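My notes follow in the order in which I looked things up.

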Amino acid sequence: MDFVQYCDGLRGALIIYDPQDPYHFSYDIDDESTVITLMDWYYVPSPQVQRQVVPDSLLINGVGSYSGGPDTPYAVIDVQPYKRYRFRLLNMTCKPSYISSIDHHKLNIIEADGQYVEPLVVDSIQIYAPQRYSFILETTRPVDNYWVHVVPNLGISSMAILRYAGSSDADPEIRITSNTVALQETDLHSLYPPLPILLQEDGADVKLDIVIGKNETDFNFLVNGVQYTSPSIPVPLQLLNGGISASEVAPNGTFHIFSTKEQNCRPHPFYLHGHKFAVIRSAGSSTCNYVNPVLRDTVSTGLLNDRVTIRFITDNPGPWLLHCHIDWHLYTGMALVFVEASQDVAASQPLSSEYKTITEY
């Protein structure tokens, strides 16, 4: 079950620091101590996890607990008073989405999925697999311990501690914050405007409806009536070997994708490899944004009758997977492959006759 080895622990954070970060002077600290990872955990190997199972535990920076288990110390995030921290929040889950907040602290979002956004101050962030957010947090509250809350859409909640230097090792008090502002994707706007071709209402070269369904016999997922299965020969090798004709690949240009669902279980976080896309219409919204949409690589498809719309440019030759990042959904068919400029791939990396012989076996 290669698709879901991620769920057995083969995952981690890889942070690439941008020397041209436009927000570099807006924070003081951005290092390994400011990475916050969220993930689900199961007490059986991933091949044994049943379809409707609820995670046994929620891990914050690798630390969690479970009902009836031993007392486990909370994960602690140490901070200095009167500093500005760039925190990087990563959802590395196999299944749930999470809502994250920190008592009595505002979260100033500056980045989503590696793309800079206009600053947006919120109290909580809902984050789907495998989304990433950066937010600036200012440690201007009284020196003390503060709860970091993480609430999943299924399973048990978890907490960590934001600990100011000089405070005790005691657990924080419960602090209720009223009138909280939750992140809405429609409030996110790219810091750098998308290319104009992405913002023309009728500017797409290709429009594609993606309809997510389910096989009522084996309950595997279908995309436009087809269950995705991994080919015996990987698509990149087929491209290099000339095994895919031009008629089978996506044309060059701008794609305009509508995502709909025939059956609804929960929001599906769809991730597109090799591209960033403009979210023209977000889940829960009834309007399209052709002015200043957010750019990112993962979007929730929302609930039944939502019509999430994304646009991207096919300017990156090669095969690129678009799939639900709930790993068991990917394994059971919720995916498709875009192949861009196959002739360019084969021409740029010609295979030797010996290698072609190997790929036939």
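Entry 1, the model. I note at the start that this is a predicted model.

Entry 2, the sheet of 4 strands. I looked up the strand order and found E18-E15-E20-E21, in an open sheet with antiparallel pairing. I then asked which strands stand at the edges. They are E18, covering 298-300, and E21, covering 335-340; each has a single partner strand, so one side of each is left without a neighbour in the sheet. From one strand to the next, the twist averages 20 degrees.

Entry 3, strand E15. I followed E15, residues 269-272, to its partners. It is joined to E18 by 3 bridges, and the two run antiparallel. Across this pairing, Pro269 stands opposite Ser300, and Phe270 stands opposite Val299. On the pairing with strand E20, residues 318-324, I again found 3 bridges and an antiparallel run. There Tyr271 stands opposite His323.
I also checked which way the side chains of E15 point. Pro269 and Tyr271 point one way, while Phe270 and Leu272 point the other way. Are these four buried or exposed? All of them are buried.

I found another open sheet, with the order E2-E1-E4-E9-E6-E7 and mixed pairing. Its edge strands are E2 (57-60) and E7 (115-122), and each of them pairs on one side only. The twist in this sheet averages 25 degrees from one strand to the next.

How many residues are in the largest nonpolar core? I read 50, and the members that touch the most other members are Phe87, Ile109, Ile125, Phe135, Leu162 and Leu188. I picked Ile125 and listed its contacts, leaving aside neighbours within four places in sequence. Among them are Leu89, Tyr98, Ile99, Leu107, Ile109, Phe135 and Leu183. Ser100 and Tyr133 are also in contact with Ile125. A second, separate core has 12 residues, including Val4, Val35, Leu90 and Cys94.

I located Ser285 in the loop between strand E16 (277-281) and strand E17 (295-296). Why does Ser285 count as buried? Its relative accessibility is 12%, and the cut-off for buried is under 20%. Apart from neighbours within four places in sequence, Ser285 is in contact with Thr186 and Asp306.

Asp218 counts as partly exposed because its relative accessibility is 34%, which lies between the limits of 20% and 50%. Not counting residues up to four places away in sequence, Asp218 touches Arg51 and Gln227.

Key:
Residues numbered from 1 in each chain as written. Predicted model: local features only at pLDDT ≥ 70, side-chain atom pairs only at ≥ 80, totals over all residues. Heavy atoms only, no water. Pairing = 2+ DSSP bridges. Axes fitted to C-alpha atoms, helices over the stretch in contact; angles between N-to-C directions. Buried < 20%, exposed > 50% of the residue type's maximum accessible area, 1.4 Å probe, protein only. Contact = heavy atoms within 4.5 Å. Core = buried A, V, L, I, M, F, W, Y, C linked by side-chain atoms within 4.5 Å.
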